Each structure stands twice: as structure tokens, then as C-alpha cells.
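My entries follow the order in which I went through them.

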Amino acid sequence: MEEQDNLSAVSNETNDNASVQADEATAPSAQEEQALQTAQVAGGGEPSKPVNRVDKFFGITKSGSNFKTEIIAGITTFMAMVYILMVNAGMFSGVIGGNDPFGAAYIATAIGAVVGTMFMALLARMPLAQASGMGINAFIVFTLLDVGTGLTYANCMLFTLIEGVIFVILTVTGLRKKIFEAIPRSVRYAIPVGIGLFIAFIGMQNAGIIVDNGSTLVSFKSFNVLADGFTYIGILAPLVAILGVLAIAVMSKKNVKGAVLWGILGSAALYYGLAGIGVAAKATGCKEIFTAITMDNPFKAFAAWGKDSFAAAFRDGFNFDTYLSIGGHNAGTLVVVLLTTALSMCMIDMFDTLGTLYGACAKGNLLDEKGTPIRMERMLFSDAAATCIGSIAGASTVTTFVESSSGVSAGGKTGFTALVTAACFLAAMFLSPIAKLIPSAATAPALIWVGVLMMSSVTKIDWTDFAEAAVAFITFAVMAFGYSISKGIGAGMIAFVVIKLCTGKVKEISIPTWVITVLFLAMFVLTN
């Protein structure tokens, strides 16, 4: 996503400003808060007095904003990121189980978004929104659950809870900086690139753009109308997905608000429109698209959520019988999987969050005199706490969305913007039957577009330094071609250490880097 553009800035801030961490460790005083917010008032001068208690709590007038602007900004942010409800529910619908897995995942995702955004609104009082992050949800579904590991959805919710607790500890103690610095720069820049390729590959598979031809493992879908076996229904989904990606690209270029959402809705309309033409032409399979449509009571999704998602981490998360039943798996390998999984999830969440916070706050002039986002520690704590609560609700890791930048650009300056966004997500919880009508051909463009956005970090890699280039390439190549985000990170870490050892630069390997690399090495040696 777009936040990856800011990883370089994040790294520089982390490495160059040793004093920032100490400043972040404590919340700003009331005087510092007022000074920072007063600096945001357009035109300078003394801030106006608040008009009511809500205004005073959020500091709306003091920040130079007003209720109308904050409301518009909150709705803008919601429109830009509401696609996550449909995309995340579609991804998890195949792994939750039960009678309505889509509905359960939809409600869990919505609750995670509401809780996370409320933390931003009431604790951090910042105009940013949170929801289940793209990248880490793909890691859970397609790395932990979809490759025969023996892990269950409940196990992964337990892992997510553990990752959230770790992130809370890292934030409170200030160890976050140590972990960040232990990851080589080349690996840090390669992680978003690899995740972007991974997610885009998933989107292309879901839409049928990339297919298994049996010989080269993957190939591009044939659109040859003269080929044997050609069917109208066979090209319907991939055609819609390709056009959807192009539509999102055009709208994004023209700065259309909510381009991804409109791309999904437009692709869905096109899908059903072309299917209707197919029905009129008596094309095989098109009629079934419409006969499969059902409109359920929205409260059925809440019931499914309560039964299959809520507190799954506690109900079944500690049950690893399926994992242990697989040959070669034992308590020792389970410990390694637990440690490396939590570490991978924490790193992905950390880089996503830091990049987003710097990028979004910079757009809204919400930085202090050192260039650090104001109330940084509160925002990081909000992110970590939301992940903990979201995992209990059954949602994948909750993180700050870069789409929050759209609301900031629309004038949002305070937590009231986030409060409005949270209210919109709360209302959207009752729209699951409509969301279920969105076909995978329409959500696939969003996945592919995320891949486009996350590729930007490739420009930060020093391709003239063959050591750094090799480490970066190995990282994202293993992620994409090996179909595993965690193994990509592990391969990059191991490659970094090996290259440093062989080039006589062992002193450049820190102790935390050694520890992390040994854990990943154990993952490769002891697990499948």
C-alpha cells in the first residue's frame, strides 16, 4: 500500500533521532498538546474557544477545523477503506467454517474496524482509521492456513492475539525500536514488495487471470475465442477483473475519492451485466450466477459471528491436535512455528503502521518540530490494543490504514474524524447480505491494486550494491514464488547474515539480528 513509500523516512527517523524514542515514551503534557494543536490553526494566532464539550474534548476549533469538515473527512476515509469489509470477508470465508463463514468474517472485520478506529478517536484523538490490514490477512489465510500446515482459524486468532500483546509490550517498553533496527534495510524494503506481489498473485488467481496449466505451474488465462474449449463463462471473471484494475488506475490518476470502492462496485455491476447478456445468449453457466443469489437476514451474520468467530482464540485456539497429527510435527516444531509466526506478524504490522502514521500525518501537517507524528505512542498503543481486541472478535491484525490520508487531505485534523468513520463502519455491519453479492471477480481488482501500490518500495533498494540487491530479491522472490510471506522474510534474513559473514563484515550483524535469523533458520530446518 501507499504507506510503504514512507519506510525510508521511517528508517531515517528511527536511526537518526535517538532522542525521539525517549520523547515518545510519555504522553504529551496538556501544554504541549495545546502548543502542537495551536500550530495547526490556519493562519496562526490564538485558537478560538471551543463551542461545546465535544469540541473541547477533540480540540476541533483549537486545531483550526470545524464539525462539518470533520464529518466530511470521516465519511471520505470510510469510503476509501470500506472495501476491506468485502475483501477480508471473502478471503476468510474459506477458512472459518460454519453455515455462513462470509457473514462471520464480515462482522468480525467490521468490529475490528470499529474498535480500532474508536481507539484512534478517543485515545489518540487523531483523524486516522484502522481495520484488518492487507498483507497480514493474506499471510494468515494463504501462508498459515492454505498450505496444509494443520493450523486452524482459531489457532491463527490466538497467534494474532499474541502478536498484539507483543506489540503492546514493545510499544510500552520502547523495544520496538530495537526490533526495527535488527531488520536489515534491504529486507525492510523488500517486505512490502514481496507482500504486494503475493497479494496481487492471489487476486489474479481468484479472478482466473492466472491459471494452472499443469506444466509450468502457472500461466496467463487464454482469451482465444477460436480455441477448443472456449466458453463465455470462462473469460467472464478474468475479463471483469482486468477491466476493474484499469478502472481503479484511471480513477486514482484522476484523484477520485474511494477509487477502490467504486472499482469494486463497478466491476460487480459489469459482472452481472455481462452475465445477463450471457443468459440472453443462452451461454452455459450464466443462468446459475443469478439462481445462486440469496438475500439473507443481516442478523444471521451476527449469529454466525457469535458461533464461529467470536472468542475462537480462547475456545479452540489452544487446540493444536490437527497440527500435531501431521507427520514430522511435534511440540518442538510448534514452538518454532509460534515464535516465527508471531515475529513475522509483528514485523509486518510494525512496518505497515509506522509507514502509514508518518505518511498520513505528514499530509495533514500533524508532525511535531522533530518531524514525528504527534501523539505517536498513543497511536501505536491504539494499533496494538485494537489487534488484541480484534483477534478476540475473530479479525486478523488491525492496523492503521493509509486510506486515512484521504480524510486528512479532506481537512480532518482531530479524533472526531475517526469517530465519524467508526460510526460508518458500525452502520455497515448491517449490510452483509449486500456485500455477499459482490463476486470474487469484483474484489480481485482491489487485491491486484494493493500489489501495485506496495511495489513502490522497490525504488528504495540500492540495486548497485549487489549484496543489498541479492538480499532484497531473495526476500520478495521467495514470498511470491514460494507462496509464503514468513519464509520470504526468513530467507532474506539468512541471506543477509551469510553475505555479511562471507564478506568479512560480521561486526555489522547485531545480536538481535542473530537471534531473529536463528529463529527463522530453525523454522526452515524443523518445519514443513
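Predicted model: local features only at pLDDT ≥ 70, side-chain atom pairs only at ≥ 80, totals over all residues.

**Entry on cysteines.** I began by recalling that a disulfide is a covalent bond between the sulfur atoms of two cysteines. I then searched the whole structure and found zero disulfides. For Cys-346, I noted that the closest cysteine sulfur belongs to Cys-388 and lies 11 Å away, which is too far for a bond, since a disulfide needs the two sulfur atoms within 2.5 Å.

**Entry on helix 6 and helix 8.** Which way do helix 6 and helix 8 run relative to each other? I found that the axes of helix 6 (residues 83-92) and helix 8 (residues 136-145) cross at roughly 15° and come within 10 Å, so the two helices are roughly parallel. The crossing is left-handed. On the helix 6 side I listed Ile-84, Asn-88, Met-91 and Phe-92, which meet Asn-137, Ala-138, Ile-140, Val-141 and Phe-142 of helix 8. By class, this contact holds seven nonpolar residues, two polar ones and no charged ones.

**Entry on helix 8 and helix 9.** I next read that helix 8 packs with helix 9 (residues 153-173) at an angle of about 135°, their axes being 11 Å apart, so helix 8 is oblique to helix 9. Here the crossing is right-handed. The contact joins Ile-136, Ile-140, Leu-144 and Leu-145 of helix 8 to Tyr-153, Cys-156, Phe-159, Thr-160 and Glu-163 of helix 9, and I sorted its residues into seven nonpolar, one polar and one charged.

Technical notes: Residues numbered from 1 in each chain as written. Heavy atoms only, no water. Axes fitted to C-alpha atoms, helices over the stretch in contact; angles between N-to-C directions. Helix = DSSP H or I, 4+ residues; strand = E, 2+ residues; numbered from the N terminus. Parallel < 35°, antiparallel > 145°, perpendicular 65-115°, else oblique. Left-handed = near helix turned anticlockwise from the far one by under 90°. Contact = heavy atoms within 4.5 Å. Nonpolar A, V, L, I, M, F, W, Y, C, P; charged D, E, K, R; others polar.
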